[in-house]
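User: Please examine the following model and answer a series of questions on its fold.

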Amino acid sequence: MRADAVRGHLDGLLLAVLEQGPLHGYAIITAVQQRSGGVLDLRTGTIYPALNRLERIGLLSSSWESVGERRRRRYELTDEGRKGLAGERAAWSEFTTAIGSVLNPAVRPGPAT
């Protein structure tokens, strides 16, 4: 899948993966890849700046953990992050309905309220 196809949806993907509990960066990448059936292969240069931004705006929190000699950062949703995820899901639903109405005009949803 083209990298630009994910643009605009990355925050929602990251928040959704973290909904089940805290993960470190590589585990987040792996979870997105597994949940997408291998279609989405995010790069570290893509997700770490996004994780840092989501933490800065209060949707994630992080803490350091030690694994053997290595330290790694674990990210988890905040209460605001859970609200943000709900908003991302609502926006995604609206987006896919609108695009589907154009691409598949025979399947038309009712009017928006």
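User: Among contacts in the protein with a separation of 6 or more, what share comes from residues 24 or more positions apart?
Analyst: The model is predicted, with local features needing pLDDT of at least 70 and side-chain atom pairs counting only at pLDDT 80 or more, whereas totals for chains, interfaces and linings use all residues. Residues are numbered from 1 along each chain as its sequence is written, and side-chain values use heavy atoms, without hydrogens and water. A contact means heavy atoms within 4.5 Å. On that basis, the share is 45%.

User: Why is helix H2 largely enclosed by the rest of the structure?
Analyst: Buried means under 20% relative accessible area, exposed over 50% and partly exposed in between, with a 1.4 Å probe and protein chains only. Buried residues of H2 include Leu10, Leu14 and Leu18. Helix H2 (residues 10-18) is largely enclosed because the buried residues number 8 of the 9.

User: Which residue takes a positive phi in the hairpin of S2 and S3?
Analyst: Two strands pair if DSSP finds at least two bridges between them; S2 (residues 60-67) and S3 (residues 70-77) run antiparallel and are joined by 8 bridges. Glu65 stands opposite Arg72 in S3. The hairpin has 2 residues between the strands, and the residue with a positive phi, near 65 degrees, is Gly68.

Definitions and conventions
Helices (H or I, at least four residues) and strands (E, at least two) are DSSP runs, numbered from the N terminus.
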